[in-house]
Amino acid sequence: MHIAGLSAAMQYVAVEQTTIDRVISFLRENSEGEWARQFASDAPIAMPSLGRGDRAHELGLHHDRAQQVMAETVQGIVRDLEAFADSVNEAARLIRRADEDSAETMVATQRVVEMLDEASLTPQSEAAYDRARNEHGGDA
């Protein structure tokens, strides 16, 4: 990405913390809360439901594994989203700090320019030049 594009994008960085928190809360509830408990109790299939064929036990085992994979995946998504939220918050903090540092630098730079401008506009240098010229015989 070009610097100008990155700079333009950074001007519009806004962290919607409420939205991030709501999504995390929703996923956490679905991975650890009532939904998860209901899923854990409803998802298992009783062995007689699978029939008495040679593959019934194997099918039940695969179903249980799939259920566990799904539950752990949702928990992993929650952890990833929490880590993402932490990173977004840290990035926002760093951007705010960079903005504050830039503002401080701009104020300091402006003050230095004003001081230099004031120093160059003082008539003392011109007066010293005129005195020296007059004391030493006119045109120099």
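E90 is partly exposed, at 35% relative accessibility (buried means under 20% relative accessible area, exposed over 50%, partly exposed in between, with a 1.4 Å probe and protein chains only). R93 is also partly exposed, at 40%. The side chains of E90 and R93 form a salt bridge, 2.7 Å from N to O (a side-chain nitrogen of Lys or Arg within 4 Å of a carboxyl oxygen of Asp or Glu). R93 and E90 are three residues apart in helix α4 (residues 56-121), so about one helical turn separates them. An α-helix has 3.6 residues a turn, so residues three or four places apart point the same way.

The model is predicted: local features require pLDDT of at least 70, side-chain atom pairs count only at pLDDT 80 or more, and totals for chains, interfaces and linings use all residues. Residues are numbered from 1 along each chain as its sequence is written, and side-chain values use heavy atoms, with hydrogens and water left out.

R111 and E114 are three residues apart, about one turn of the helix. R111 is partly exposed, with 41% relative accessibility. E114 is partly exposed as well, at 33%.

R55 and E58 meet through their side chains in a salt bridge of 2.9 Å, N to O. Here R55 is exposed, with a relative accessible area of 59%, whereas E58 is partly exposed, at 35%. Salt bridges also link R97, E100, D101 and E104 in a network. The count for the model comes to six salt bridges.

The chain holds five helices and zero strands (DSSP runs numbered from the N terminus, with H or I over at least four residues for helices and E over at least two for strands). From the N terminus, the order of elements is α-α-α-α-α. Helix α5 comprises twelve residues, 124-135. At 1.5 Å a residue, α5 should span 16 Å, and its end C-alpha atoms are 16 Å apart, in agreement; the expected span is 1.5 Å times one less than the number of residues. Just after α5, G137 adopts a positive phi of about 95 degrees.

Of the 140 residues in the chain, 13% are buried. The chain exposes about 11300 Å², of which carbon and sulfur atoms supply 58% (Shrake-Rupley method, 1.4 Å probe; for residues, only the protein chains shown count as cover). Among contacts (heavy atoms within 4.5 Å) between residues at least 6 apart in sequence, 63% join residues at least 24 apart.
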